[in-house]
Amino acid sequence: MAYNNPMTLPCRQIQRNGRKAPLPAYQTAGAAAMDVHAFLDEPVTIQPGCRALIPTGLCMAIPKNYGGFLLGRSGLAAKFGVSLTNSVGLIDADYRGELKVNLINHG
């Protein structure tokens with residue numbers, strides 16, 4: 001099925017300490033979805049069995065009647081034991097705050 005009406009998703013990049021948050025991007029030609037990146041002022045260590053809310057520096061305006069999804073990367077889980085705390089993160093259409101990713105270290 002071909003889609004002829006691609007959706008535009010307004011995305012605002014937060015600026016901190018003279019830096020602008022990176023926009024989501026496809027990392028390979030065959031990628032199924034875009035990657036988001038942590039937007040940190042300093043490194044974060046998540047101790048084994050603990051979790052942390054990681055900022056992305058992005059605010060999105062998801063259209064009414066739609067939702068956004070955060071999916072974990074299998075490579076992070078396999079290599080480092082890090083995954084999303086709730087497996088799939090849902091971003092509601094009426095949320096306009098900074099997108100943060102809740103990660104857990106299973107190690």
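**View 1. Salt bridges in the predicted model.** A search of the whole structure finds 4 salt bridges. The model is predicted. Arg16 pairs with Asp41, with 3.8 Å between the closest N and O atoms. This pair links distant parts of the chain: Arg16 sits in strand E2 (residues 15-16), and Asp41 in the loop between strand E3 (19-20) and strand E4 (51-55), 25 residues apart. Asp41 counts as exposed, because its relative accessibility is 52%.

**View 2. The pair Glu98 and Arg16.** Glu98 forms a salt bridge with Arg16, the closest N and O atoms being 3.8 Å apart. Glu98 lies in the loop between E8 and strand E9 (100-105) and Arg16 in strand E2, so the pair ties together parts 82 residues apart in sequence. Both residues, Glu98 and Arg16, are buried.

View 3. Arg19 and Asp41 meet through their side chains in a salt bridge (3.5 Å, N to O). Arg19 is in strand E3 and Asp41 in the loop between E3 and E4, so this pair ties together parts 22 residues apart in sequence. Arg19 is partly exposed, at 34% relative accessible area. Shared partners join Arg16, Arg19, Asp41 and Glu98 into one network of salt bridges.

**View 4. A nonpolar surface patch.** Phe69, Leu71, Val88 and Leu90 form the patch, with about 430 Å² of accessible area together. Strand E6 (67-71) and strand E8 (88-92) are the elements that each give two or more residues to it. Val88 lies in strand E8. Val88 counts as partly exposed, at 39% relative accessibility.

View 5. The whole structure holds 0 disulfides. The sulfur of Cys59 is 7.8 Å from the closest cysteine sulfur, in Cys11, so it is too far for a bond. Cys59 is buried, at 8% relative accessibility. Cys50 is partly exposed, at 37%.

Conventions:
Residues numbered from 1 in each chain as written. Predicted model: local features only at pLDDT ≥ 70, side-chain atom pairs only at ≥ 80, totals over all residues. Heavy atoms only, no water. Disulfide = S-S within 2.5 Å. Buried < 20%, exposed > 50% of the residue type's maximum accessible area, 1.4 Å probe, protein only. Patch = residues over 30% accessible without salt bridge, like charges linked within 9 Å, V, L, I, M, F, W, Y side chains within 5 Å. Areas by Shrake-Rupley, 256 points an atom, 1.4 Å probe, with all protein chains shown as cover. Helix = DSSP H or I, 4+ residues; strand = E, 2+ residues; numbered from the N terminus.
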